[in-house]
Amino acid sequence: MQQQILKDKTFTNSIGMQFVRIEHGTFMMGSANANLPEELTGGREYLQDGDWDEQPIHQVTLSNPFYFGIYQVTNAQYEQFQSSHNELRGKLGFSQDDDEAVVFVDWHDATNFCKWLSEKENLPYRLPTEAEWEYACRAGTTTHYHIGDTIPQEFHKNVCESWYPDEGRSRGEEEIVPLHVGKTEPNAWGLYDMHGNVEEWCQDWYGPYEPQSQTDPCGRETGLYRVTRGGSHSTLLCYLRSANRMGAVPEDKHWYIGFRVVCGEMPETSSFLPSTKVTLWGQNVKQDSKSAPAPESAYFAEPIPFVRIPEESNGPLFSRHNHVPAIVECPNGDMFSAWYSCVTERGRELTVAASRLRFGQTEWDPAEPFWGPPDRNNHATSLWRNENGRIYHFNGLSAAATWGPLALVLRYSDDNGATWSKPRFISPEHKLRHMPIASVFRRQDGSILLACDAVSGGNGGTAIWLSDDNGETWDDPGAGKPIPEFASGKSGGWIAGIHAAVVELSDGRLMAYGRGDTIDGRMPKSVSNDSGKTWHYSASQFPVVSGGQRCVLVRLKEGPIFLASFTGSRKTPEMMPLIDESGNERHVTGLFGALSYDDGESWSNIRLISDDGPDREIETMDGHPFIMGLNSAEPGGYLAVCQGTNGIIHLISSKQHYRFNYVWLKEAPPSEVRK
């Protein structure tokens, strides 16, 4: 039977899967200068030339024929291998019928299906390589789609940047579309659904293209993400093109990804490309522990930018919008920062950048990519170092675009951030309460606390996650608890305000300040006496935090709690009074710091985060200027903070890195400009 099958043009296997023979050949893989029309990009100008990772175009030769699945694997076919998958039919409303493409399968599920089928039929079933997939999809064409440079209406399935299943932002059940296979026009080689319906897992580890000609390539030697191809429902049409590349964490499973099967041995000439080059933040990282001497007097250093991305960059990092940072001190004395880089915050291009300030240096390294499955929105990042020097990286991972349907992942580094572990899911479901905030710490009882936004909008609050076993398992204590009534002060299951900063009080209670959910015109304060199961709300004494701003709280080594926040919004700055060294009241605006010696009951030593020098222009987020001086400081940014071994407080906005110490914070601000 095997010999006969491998000679036929088509064949149908024992479970009803149909295959067509694809002859060997050579093609040009990738695309450049796409010049995509607006109907494909949804009006996103930065997508007009396609994705950066589709270049350089290079010649690929496939030396052997192979059989390609005519259709995507269906529920009925997959469940002959794994009958329990039937319980996932209709999850979130998707893929209920026998002949719909199977979804909620990860890369390992798809690979194990191929192994099962190979043993069952004594035939070499496997996932396609990325090169085989594009070759088969194009079917001899060089246009954006096998149909041409535009794609007919029959391929359009909920074309948008979807928020589903986020109840607050999606259109609800209107966004559920059928995933039946074979309902659109096949390509010239008889293959259906190569553009859309569901993405398809490929064999390859994802990595950048190389310019040289290749024969039977099968991706990189190793990596973080497996390639997916073809695009899906509920996305912009440009992501359905023949050349477009996507990728996903191999353990990820959701309603966007299914798979298709190839029958054929891997050619003997198949070869891996070497692993991608080590990024700058991972190069020449010293492993000996270092710490600069602690300043004996008041210390405030000139702020330095930590975001260094060349102008007009349009991938893999983006000069347009860099935001939501995290910062940590490495055991070797280096500072390490990560943040997201994008053009639009809801787009699939949003990725995570990182940079390193090496011990003894005065300038951060240029930024390079840190984390980000391609064409998945990666909202957002948090970093934390434990007592043994292990650095933890937390990140949200979207199913597609937008930060509504996020899973929550964790990685760690034991070598000062030079290398990082494979990602592991803290919580694998793509839903709310999974967007990390740069507020992580070890509690007095030994547990680790991680704050995450509970909603995707500007109001609605913040959740916390707790781990009692050093990050192995995690729990969301507020899940399923009462819905808060912030304005009335009635307790509820999460913190008032998004992007909340959290700190532990001396008696083990938790206190948080957040953005939005304003109480009596002030920034909301939340306190929990049951480890985050319920929270109680009141108005703080501080101005509200608005768009483009995030506050921070941290318990300093010297004992008091440090707060950094803003006096008003970026667009409409407000003036806030403070008492200077002469005892007079002076009104200031912008980024300020404050200390509390009584667990947040009162705040003192309020001063601008400024050198109090002559007015001068400095850059804030995305290159916008602001005036720093005696009475004004940076007007906005998402703050992150850590305190170094030598006591220096490292505070970053979305652009600048501030360094000062506790002695400086305790000093009353001057009454006149410092010379």
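This is a predicted model: local features need pLDDT of at least 70, side-chain atom pairs count only at pLDDT 80 or more; totals for chains, interfaces and linings use all residues.

A pocket here is an open set of grid points with protein on both sides within 12 Å along at least five of seven lines, and its lining residues have an atom within 4 Å of a point.

**The largest pocket**
- The largest pocket holds about 1200 Å³ of space, and 40 residues line the pocket, with Tyr225, Thr276, Lys277, Thr279 and Pro369 lying nearest its centre.
- Sorted by class, the lining of the largest pocket consists of 18 nonpolar, ten polar and twelve charged residues.

**The second largest pocket**
- For the second largest pocket the volume is about 900 Å³, and of the 34 residues that line this pocket, Trp384, Arg385, Val440, Phe441 and Val554 lie nearest its centre.
- Several strands give two or more residues to the lining of the second largest pocket, among them E16 (321-329), E20 (381-385), E24 (435-442) and E41 (640-643).
- Of the elements in the lining of the second largest pocket, E24 gives the most, with five residues.
- The lining of the second largest pocket divides by class into 18 nonpolar, nine polar and seven charged residues.

**Cavities**
- Five cavities of 30 Å³ or more are found when the whole structure is searched, and the largest cavity has a volume of about 140 Å³.
- The largest cavity is lined by 17 residues, and those closest to its centre are Glu130, Asp204, Tyr209, Gly219 and Leu273.
- Helix H5 (130-138), strand E7 (199-205) and strand E9 (217-220) are the elements that give two or more residues to the lining of the largest cavity, and the largest share, three residues, comes from E9.
- In the lining of the largest cavity there are eight nonpolar, four polar and five charged residues.
- The second largest cavity contains about 70 Å³ of space, and its lining is made up of 14 residues, of which Leu62, Arg126, Glu132, Asp216 and Pro267 lie nearest its centre.
- By class, six nonpolar, four polar and four charged residues line the second largest cavity.

**A four-stranded sheet**
- Four strands form an open sheet in the order E15-E43-E42-E41, and their pairing is antiparallel.
- Strand E15 (300-305) and strand E41 are the edge strands of this sheet, each of them pairing on one side only.
- On average, neighbouring strands of this sheet are turned by 15° against each other, with direction ignored.
- E41, which also gives two or more residues to the lining of the second largest pocket, is joined by four bridges to strand E42 (residues 649-652), and these two strands run antiparallel.
- Cysteine 642 stands opposite histidine 650, which belongs to E42.

**Nonpolar cores**
- The largest nonpolar core comprises 56 residues, and Phe68, Phe336 and Phe370 are those with the most contacts inside this core.
- H5 contributes five residues, the largest share of this core, and H5 also gives two or more residues to the lining of the largest cavity.

Definitions and conventions. Residues are numbered from 1 along each chain as its sequence is written. Side-chain values use heavy atoms; hydrogens and water are left out. On a 1 Å grid over the protein atoms alone, a cavity is a set of points where a 1.4 Å probe fits but cannot get out, and a pocket is an open set with protein on both sides within 12 Å along at least five of seven lines; lining residues have an atom within 4 Å of a point. Grid points are joined across faces, edges and corners, and a volume is the space filled by probe spheres set on the points. Ala, Val, Leu, Ile, Met, Phe, Trp, Tyr, Cys and Pro count as nonpolar, Asp, Glu, Lys and Arg as charged, and the others, Gly among them, as polar. Two strands pair if DSSP finds at least two bridges between them. Axes are lines fitted to C-alpha atoms, for helices over the stretch in contact, and angles run from 0 to 180 degrees between N-to-C directions. A nonpolar core is a set of buried Ala, Val, Leu, Ile, Met, Phe, Trp, Tyr and Cys residues joined through side-chain atoms within 4.5 Å. Buried means under 20% relative accessible area, exposed over 50%, partly exposed in between (1.4 Å probe, protein chains only).
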